[in-house]
Amino acid sequence: MVDTRRRDELLRQAEAIILAEGFTAVTMDELAQRLGCSKATLYSLASTKEQLVLAVTRAFFREATAEIEQAVQAEPDPRQRIRVYLAGVGTAMRRHSHAFYDDMVGYEPTAQIYRKNSAAAAQRVHEMIEEGVETGVFRALNGHFAAQVVAVTIDAVQSGVLLERTGLTAGDAFSELGDLLIDGLSSGQGTPG
């Protein structure tokens with residue numbers, strides 16, 4: 001039995017390794033050795049490597065969402081909230097390697113987690129667009145359409161097509177998307193960020 005503090009620390013360390021190196025090339029034997037624990041201890045965290053990978057992926061998105069939402073709530077300007085949100089997505093995406101990203105989108109269970117979070121991001125952007133339209137900082141437009149443009153962009157990032165064609169990283173693509181949206185949505189009132 002592993003105490004909660006040790007368990008949390010091992011999960012954080014496993015997450016760091018998996019986010020840095022991906023998960024297809026790392027075995028449970030290697031993880032146990034690098035974490036300085038037995039395989040039995042590692043299996044007490046997750047019954048299989050797949051379960052560990054899913055736990056790490058869910059934790060990554062859960063923690064990123066909490067950090068992003070905290071930053072968004074601290075921003076009083078509705079115009080800047082979208083930029084803060086998408087920049088936060090970009091920052092979160094920079095926390096993992098290309099190897100993890102490729103593994104995540106190439107493995108259906110983690111790809112589902114990614115798609116679910118991408119859909120939630122598009123919905124959140126839609127909410128922020130509607131708020132900006134209601135307060136007059138964004139011009140009146142179809143917020144659902146703009147959010148779907150975000151969703152399509154997220155899908156293009158996920159598939160790798162947009163990254164391949166632009167040479168951007170996933171994180172940089174989300175930051176650029178924030179700038180593009182703000183400039184396109186701006187009603188001309190106030191000073192653009």
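Analyst: A crossing of two helices is left-handed if the near helix is turned anticlockwise from the far one by less than a right angle, and right-handed if clockwise. The crossing of helix 1 and helix 2 is right-handed. Helices here are DSSP runs of H or I with at least four residues, numbered from the N terminus. This is a predicted model, in which local features need pLDDT of at least 70 and side-chain atom pairs count only at pLDDT 80 or more, while totals for chains, interfaces and linings use all residues. Residues are numbered from 1 along each chain as its sequence is written, and side-chain values use heavy atoms, leaving out hydrogens and water.

User: What makes helix 1 oblique to helix 2?

Analyst: Helix 1 (residues 4-21) and helix 2 (residues 28-35) pack at an angle of about 120 degrees, and their axes are 11 Å apart. Such angles run from 0 to 180 degrees between N-to-C directions, with axes fitted to C-alpha atoms over the stretch in contact. Under 35 degrees is roughly parallel, over 145 roughly antiparallel, 65 to 115 roughly perpendicular and the rest oblique. The angle is therefore oblique for helix 1 and helix 2.

User: Which residues of helix 1 and helix 2 meet?

Analyst: Contact means heavy atoms within 4.5 Å. From helix 1, Arg6, Leu10, Gln13, Ala14, Ile17, Ile18 and Glu21 meet Leu31, Arg34 and Leu35 of helix 2.

User: Why is Thr110 called buried?

Analyst: Buried means under 20% relative accessible area, exposed over 50%, and partly exposed in between, with a 1.4 Å probe and protein chains only. Thr110 has 0% relative accessibility, so Thr110 counts as buried. Thr110 lies in helix 7 (residues 108-135). Not counting residues up to four places away in sequence, Thr110 touches Phe23, Val53, Leu54, Thr57, Asp103 and Met104.

User: How do you know whether Thr57 and Ala64 are buried or exposed?

Analyst: Thr57 has a relative accessible area of 0%, so Thr57 is buried. Ala64 is at 5%, so Ala64 is buried. Thr57 is found in helix 4, and Ala64 is found in helix 4. Leaving aside neighbours within four places in sequence, Thr57 is in contact with Phe100, Met104, Thr110 and Ile113, while Ala64 is in contact with Ala92 and Arg95.

User: How far apart are Ala64 and Arg95 in sequence and in space?

Analyst: Ala64 and Arg95 are 31 residues apart in sequence and 9.6 Å apart in space, C-alpha to C-alpha.

Definitions and conventions
Helices (H or I, at least four residues) and strands (E, at least two) are DSSP runs, numbered from the N terminus.
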